[in-house]
Amino acid sequence: LLDALPISSIRGARFDLRAWGSTGIKGRASVPGGPEEQLELGNRSAISLAWSQEFGPVTSGIEYEFFDKRSASLSGGRLDDQARGQYLRFQLGFGNLAGLEQGPMAFPFRFDMQVESLERGSNLPKGERLVFNLQTYF
């Protein structure tokens, strides 16, 4: 049935909703010429929504992410490093990972190029980033 559907169908479409978080841990920081300080990193969390479409070995997609980082503290005093941002990413990739749905493969891989742009942010530098990613499984 899926073979009879046109290319605009959902075949090869990937929808991704992710949420992650991390908690800060306590450590020590050395300050030049001063005593060792207790450092506690701030908590981080993010939620993202992505869509990608496979056209044979070629993949294209878009992702939106909301990121939040809480302030760290140094010996009980808060640092001014809280950050919040909204990112937009465009992706173009090439590979054969979709073949894993059909069965085992000798060398499954995917190579992606992403352009990441900070759309809105607080305490973050405005700019774009180019990211390359290679996924392999063995």
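The legends below describe close-up views of a predicted model.

Residues are numbered from 1 along each chain as its sequence is written. In this predicted model, local features need pLDDT of at least 70, side-chain atom pairs count only at pLDDT 80 or more, and totals for chains, interfaces and linings use all residues, while side-chain values use heavy atoms, with hydrogens and water left out.

**Figure 1. Overall fold of the protein chain.** The protein chain has 10 strands and 0 helices; helices (H or I, at least four residues) and strands (E, at least two) are DSSP runs, numbered from the N terminus. The C-alpha atoms fill a box of roughly 70 × 35 × 25 Å along the principal axes. The radius of gyration of the protein chain is 21 Å, whereas a compact globule of 138 residues would have a value near 14 Å; the radius is taken over C-alpha atoms, and the globule rule is 2.2 Å times the number of residues to the power 0.38. Of the 138 residues, 28% are buried, that is, under 20% relative accessible area with a 1.4 Å probe and protein chains only. Among contacts (heavy atoms within 4.5 Å) between residues at least 6 apart in sequence, 48% join residues at least 24 apart.

**Figure 2. The open sheet of four strands.** An open sheet is formed by 4 strands in the order β2-β3-β6-β7, with antiparallel pairing; two strands pair if DSSP finds at least two bridges between them. β2 (26–30) and β7 (77–78) are at the edges with a single partner strand each, so one side of each is left without a neighbour in the sheet. β2 is joined to β3 (residues 36–40) by 5 bridges, and glycine 27 has leucine 39 in β3 as its bridge partner.

**Figure 3. Pairing of β8 with β5 and β9.** β5 and β8 run antiparallel and are joined by 12 bridges. In this pairing, glutamate 65 has tyrosine 87 of β8 as its bridge partner. β8 is also joined to β9 (residues 109–122) by 12 bridges, again in antiparallel fashion. Leucine 88 is there partnered by serine 117 in β9.

Figure 4. The largest pocket has a volume of about 710 Å³. On a 1 Å grid over the protein atoms alone, a pocket is an open set of points with protein on both sides within 12 Å along at least five of seven lines, a cavity is a set where a 1.4 Å probe fits but cannot get out, and lining residues have an atom within 4 Å of a point. Grid points are joined across faces, edges and corners, and a volume is the space filled by probe spheres set on the points. Of the 30 lining residues, Asp16, Arg18, Gln91, Arg110 and Gln135 lie nearest the centre of the pocket. At least two lining residues come from each of β1 (13–22), β4 (44–55), β5, β8, β9 and β10 (128–136), and β4 gives the most, with 7 residues. The lining divides into 11 nonpolar, 7 polar and 12 charged residues; Ala, Val, Leu, Ile, Met, Phe, Trp, Tyr, Cys and Pro count as nonpolar, Asp, Glu, Lys and Arg as charged, and the others, Gly among them, as polar.

**Figure 5. The cavity found in the structure.** A search of the whole structure finds 1 cavity of 30 Å³ or more. The volume of the largest cavity is about 60 Å³. Its lining includes Glu54, Val58, Phe94, Leu97 and Arg110, and the elements that give two or more residues to this lining are β5 (58–69) and β8 (83–95). The lining residues of the largest cavity comprise 5 nonpolar, 4 polar and 2 charged.

Methods
Buried means under 20% relative accessible area, exposed over 50%, partly exposed in between (1.4 Å probe, protein chains only).
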